[in-house]
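Hi everyone, thanks for coming. I'd like to walk you through one model today, starting with the ligand and then moving to the domains.

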Amino acid sequence: MRITVIGCGYVGLVTGTCLAEVGHQVVCTDNDRERISSLKAGVVPIYEPHLDALLASNMRENRLSFTDDAAEAVRSGDAIFICVGTPPKENGEADLSAIDNVARLIATEAHSSKLVIEKSTVPAQTGQQLKRALSVYRRHPAVEFRVASNPEFLREGTAVEDFLHPDRVVLGVEDEKSEKELREIYHPILEATAEKTNFRCPVHLSGCPPAKSAQLVVTTINSAELIKHASNSFLALKISYANMIADLCEKVGADVQEVVHAMGLDPRIGRQFLNAGLGFGGFCLPKDVQAFVRLAEHSGVNFNMLREAEHVNKRRIDLFTEKIRQALWVIKDKQIGILGLAFKANTDDIRFAPSLEVIRRLLAEGAHLRAYDQEAMDKTAAIFPQVRFCREPYDVARDADALLILTEWPEFRQLDWSLIYDKMSRPLILDGRNLLNPQAMTQLGFEYHCFGRPQEKPLPQFLPAPVLRASSAIAQQA
Ligand code: UGA
């Protein structure tokens, strides 16, 4: 099918590239001209595993192209995926102005009938508004617009894999023709999981787990829109629940890892999204919870439960800074090393990352910071030029009074922690992601703090006593 994708952010780029990969003819457009010109040159502006290789091969094979001529892009597709941003407004509601602009663009520029598909995350009933805008601004009376909702469930860092091996594909439709067309669009992906087509997933070939069998769920447009917000909000609730369990574990001397492990063995609960720590960040969960609360409010439904999940999440940063203060006493002039800046592992995205607020608070208190992240240093440097960014994770430990872990990059587990111990001025770790093994760290001689796990006492009698060196700030004063 000929497909147009409007919006070349995470969702649009992954959607456009993967739809081209399964054989459709895809044109992508965006009102950011610079972004389009770099994409035309094959440069992907975000870090997302597999995306650059897939984008390049599909451009080479002429199935995927980019244009800054939005009118031309609208005319070229039979189906148009709207993948523009829906950021939060001051009051937490989703800002739908980009969707409105796209609706007007499609209505005025389309010369033939189109299936217009909402892929962006939008509150329930947006589809009705979209239909109205398309009909109000329609320039050619003979042109018909059908609207559908097809929410994405892509996780940053595994978005290509999620698109090509989905758990579920949700189609919110109002007419048979739209359903038929959407089924056709997703046919190669749905059938690939059943091994009925020639399509072979390139991600699969390069080592991702075997294809899952995806469920196709056909619903009304309102339900499809709600499914997306309800899913993300539930994930947020789950994380906040685990964080409250962690706080309780600290008080009663239990271990949150043991508790959530056993809870997760119940298939009705499941182990995923029960990791306690600094809480959820990113551009989806925080904003979707807020938008869902606002939607409930407008609809006269009291969803205070979600507000509480939001509060619990905000308090994680307070608790963490309090742990830092308790351990360091005075933060001013302390050398603090930071491992991890991205809002989660396998992405360079720092939007609403807990690391940003932690850094802001430490700088405000006069700490000297060094930081390392596999992918997110450039973006963080643009916000915090005062922080020293290191090429090597070990460099953040040099003369540090404390080392913080702010992102759950699994690579941090594999670091040579004895080497880090030797480099630090004071062997103190504050693990905001419960990533490391407390016993192992304590046995190495570290003072180790995390969330919801019993505090181990360091065992210096079995090890050479840690050499407590003066921090460089004190050394300078001397
Ligand atoms: C989220 C959803 O997981 C996707 O299903 C959805 O499609 C996407 O939003 C979206 O709306 O587009 P994503 O934003 O990539 O995906 O991030 P998550 O993997 O959900 O992680 C969100 C945050 O929760 C991260 O900061 C992560 O560190 C944190 N987290 C996650 C925890 O603190 N504990 C956990 O157990 C899991």
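Let me begin with a term: a polar contact here is a pair of N or O atoms within 3.5 Å; within protein, one must be able to donate a hydrogen and the other to accept it, and residues adjacent in sequence count only if both atoms are side-chain atoms. Please keep in mind that this is a predicted model, where local features need pLDDT of at least 70, side-chain atom pairs count only at pLDDT 80 or more, and totals for chains, interfaces and linings use all residues. Residues are numbered from 1 along each chain as its sequence is written, and side-chain values use heavy atoms, with hydrogens and water left out.

So, which side chains place a polar atom by a ligand oxygen? Glu408 has one at 2.6 Å from an oxygen atom of the ligand. Lys228 also has a polar side-chain atom 2.6 Å from a ligand oxygen, and for Glu152 the distance is 2.7 Å. On its own the ligand has 710 Å² of accessible area (Shrake-Rupley method, 1.4 Å probe), and the protein covers 93% of that.

On to the domains, whose bounds come from an automatic or database domain assignment. That assignment gives domain 1 (2-219) and domain 2 (228-478). Where does the ligand lie?

The domain centres, taken over C-alpha atoms, are 34 Å apart. Counting heavy atoms within 4.5 Å as contact, 22 residues of domain 1 touch 21 residues of domain 2.
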